Amino acid sequence: MIAQPRHLVQAAILHAILFFFLFVGVQCHQDVEPVPVVQGVLIDPNELKNLKPPTPPTPDKKPDDANEGPQQIVKDTDVVADEAKQKQEKAAAEQKKLDDQKAEEQKQAEARAAEEQKQKEEAAKAEELKQQQEAQKQAAEQAAALKKKQQEEEAKQKAEAAAAAAADEQRKKEEQLRKEAQEEQQAQAAAEAKRKQAEQAQREAERRKRAEELQKQLGAESAELTAQMQNEWAAQLTAALQQAWARPPGTDQTLKAQLQMVLAQNGTVQSAKVVGTSGNVAFDDSVVRAAYRASPMPLPRDPSAFVPNINICFSPNPRNCQ
Amino acid sequence: MKTTLLRIAALAGSLMALPGFAQSLSISVSNNNTRAQPIAIVPFTQDAAVTDIAQIVDDDLKHSGMFTTLPRENMLEKPTDVSQINAHNWKVLGMDNVVIGKVVPGPNPGSISVSFTLVDVLHGDSATVITSGDGIIGPDKNHQRTAAHQVADMIFEKLTGIRGVFNTQIAFVTSTGGVANRRFQMIISDSDGYVGSQHPIATSREPLMSPAWSPDGKRLAFVGYDRGYSAIYVQTWQTGELKKFVGERGINGAPAWSPDGSKLAVTLSFEKNPDIYVIDVATGGRTRITTDPGIDTEATWTPDGQNIVFTSDRGGQPQLYMVPAGGGAQTRLTFSGTRNEDPAFSPDGKWLALVTNDGSGFHIGLMDWQSRSMKVISDGSLDEHPRFAPNSQMVIYTTQGRSGEALRTATIDGRVHQTLTQPGVQDVREPAWAPFPPNQ
């Protein structure tokens with residue numbers, strides 16, 4: 001399909017050979033024997049083609065050189081032409097005929113060539129189109145590639161930006177952590193200091209307490225003993241009041257009254273007053289009377305456990321006082 | 001027997017917090033027993049001929065169930081003046097309060113004037129005057145007791161916060177004689193039933209029944225028979241008028257005043273079987289409230305006057321039902337026991353007294369009107385006809401005594417009972433406690 005330069009060369013050589021044989025024939029038949037020449041010229045191009053291998057063109061000879069050859073030959077021929085003008089004219093006629101034929105052939109050849117050329121051109125055109133398409137395709141591919149590349153580039157940029165942000169974040173975090181760690185360290189240090197201080201204080205307190213306890217032991221009772229005695233005393237007071245009190249007949253089981261009692265050091269009731277009324281006169285009165293009836297109250301084993309103020313909740317139902 | 005519970009609270013915390021000791025103690029005392037207040041009524045300074053006023057005060061307070069009194073023979077001293085009282089002498093006997101007093105002749109012959117002082121011997125070493133009164137008049141020889149009841153009421157109210165009922169009256173029916181010469185009397189007396197204070201307002205050879213005081217205490221409705229036919233009579237004190245209020249054919253019974261005194265609910269059977277009717281006292285206009293073929297009787301008004309509670313045997317046995325005072329839907333109230341009958345509301349509306357039979361006899365029961373729960377407060381087995389004292393603290397009813405029917409009172413907690421003895425009288429029944437006198 002593609003017109004190879006080789007074929008062009010071959011065509012040129014063929015033309016050159018044909019032209020050459022036009023004059024060589026004249027030279028060879030100076031003895032006026034024109035007929036055989038004509039026969040020799042009518043060579044089918046196809047046969048010529050077949051003949052080609054025996055007369056291969058000089059591989060290095062360019063088409064221009066081929067043209068040069070016949071010109072040289074024509075020059076030489078001019079000298080000879082005068083001598084046999086008639087023959088020549090005749091031959092010229094012949095030649096003309098031949099030439100016409102040749103021209104015709106050439107025309108045909110040219111037409112063929114043109115056809116070939118056309119074909120070649122079409123081929124070239126197709127090739128061009130193809131190349132164009134190819135180019136377009138390539139361009140599209142390139143564009144796609146470019147786009148892809150751009151996208152990749154963008155993604156890359158983005159990723160880079162994200163990475164940068166992350167890195168920034170990480171940096172900040174680390175900064176924060178560092179800060180926190182620092183603060184914690186400081187706090188720990190402070191706590192440690194505090195703890196040490198507290199320990200110191202506790203040691204001091206313990207020392208003081210031991211001293212106090214020692215003093216107390218030396219003196220009278222420990223606080224614990226006092227508390228224990230106060231508990232015992234509270235139970236005795238409760239029992240005494242229990243004995244002294246019962247609600248008046250006909251009063252409700254849901255009632256309760258709060259009594260505030262003040263004792264003298266000898267256990268005598270100095271005052272007893274209802275600070276939380278039951279709402280029932282007889283009931284309130286009964287708890288006041290119970291306090292006085294129980295007077296003088298029992299005393300704790302040791303005077304240190306004594307307190308003057310006693311708050312008492314009275315109720316038929318213990319749940320009411322909870 | 002004695003269930004006591006004691007608790008000690010809120011101790012340890014304050015004790016541990018303060019070095020040494022707590023500045024105050026908090027304790028709880030619980031005791032579900034009830035105890036009457038111990039009180040000593042010292043004999044009053046008075047003429048021996050005069051009624052023993054101190055003894056009447058003593059009895060009144062004792063019978064109320066709210067007090068226990070000290071027998072005179074146990075007293076270590078008998079002071080006549082506050083300055084003579086040695087608190088210790090009373091305290092050792094477990095007394096909280098002591099009453100001393102004096103009786104002098106009143107303005108009229110036979111009348112007396114009483115003064116008294118109520119003293120607290122518990123608070124401190126010396127006696128403390130709580131309250132006192134003087135110029136309390138017993139208007140005549142038969143009503144010297146009135147002054148004593150008034151003193152008792154004053155002491156009672158001072159120490160309990162509740163108005164006393166000692167100076168109120170009761171109505172009841174007595175019957176004496178055999179079948180041939182039976183005599184019935186409608187009697188009015190002091191609330192203690194003292195014979196000397198009794199006076200009859202009606203006497204009949206035929207039965208007298210169902211006395212009912214009007215809310216203002218000025219009238220008494222009751223049932224009497226006139227030649228075999230029953231009728232409801234209304235006695236008005238001020239005019240002395242005794243009026244036959246309603247006397248239909250058949251039964252005319254069980255009158256009950258509406259709380260505003262304008263109507264009487266009665267039982268009438270002239271329309272074939274006994275039903276409850278409401279009769280307007282002023283106009284005599286009559287409304288039939290029940291129409292049940294069973295016996296509907298013994299109506300009593302709720303204190304708000306909106307409903308009537310009555311006895312009906314429509315269910316086979318007598319039970320209590322309630323109906324709107326203007327008539328309407330009737331609902332059954334009692335379901336426990338085989339019989340529940342003869343209802344009466346406490347004036348404060350808290351209780352509905354009734355006669356209940358649980359199979360072991362007839363007892364006085366109190367239904368808590370709010371919760372509808374019931375408790376028995378009487379101790380007999382043939383107790384009937386309960387009626388409340390005006391202060392809602394006691395119920396008076398008929399009981400079967402040794403020699404016949406007698407009146408008995410019970411405190412609403414059922415703890416103290418007191419029989420009102422009637423020497424020489426065969427039967428005493430159907431009491432009705434009068435309302436408070438308007439001037440007190």
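**The A–B interface**

A:Arg289 and B:Asp96 join their side chains in a salt bridge, with nitrogen and oxygen 2.5 Å apart. This comes from a predicted model, and the contact is one of two salt bridges that turn up across the interface of chain A and chain B.

On the chain A side, helix H6 (223-244), helix H7 (281-293) and strand E3 (309-315) each put in at least two of the residues that touch chain B. H6(A) has the largest share, with 14 residues.

Now for the overall extent. Contacts link 44 residues of chain A with 40 residues of chain B. The size of an interface is often quoted as the accessible area lost when the parts come together. Here chain A and chain B bury about 3700 Å² between them, and 56% of that lies on carbon and sulfur atoms. Within chain A, the residues that give up the most area to chain B are A:Gln242, A:Pro249 and A:Arg289, together 18% of what that side buries. A:Arg289, then, is also the salt-bridge partner of B:Asp96.

The two chains also share strand pairing. E3(A) runs parallel to strand E2 (residues 24-31) of chain B, and the pair is held over seven bridges. Within this pairing, A:Ile310 sits opposite B:Leu25 of E2(B).

How values were computed. Residues numbered from 1 in each chain as written. Chains lettered and ligands numbered in written order. Predicted model: local features only at pLDDT ≥ 70, side-chain atom pairs only at ≥ 80, totals over all residues. Heavy atoms only, no water. Contact = heavy atoms within 4.5 Å. Buried area = accessible area lost by both parts, 1.4 Å probe. Salt bridge = Lys/Arg side-chain N within 4 Å of Asp/Glu carboxyl O. Helix = DSSP H or I, 4+ residues; strand = E, 2+ residues; numbered from the N terminus. Pairing = 2+ DSSP bridges.
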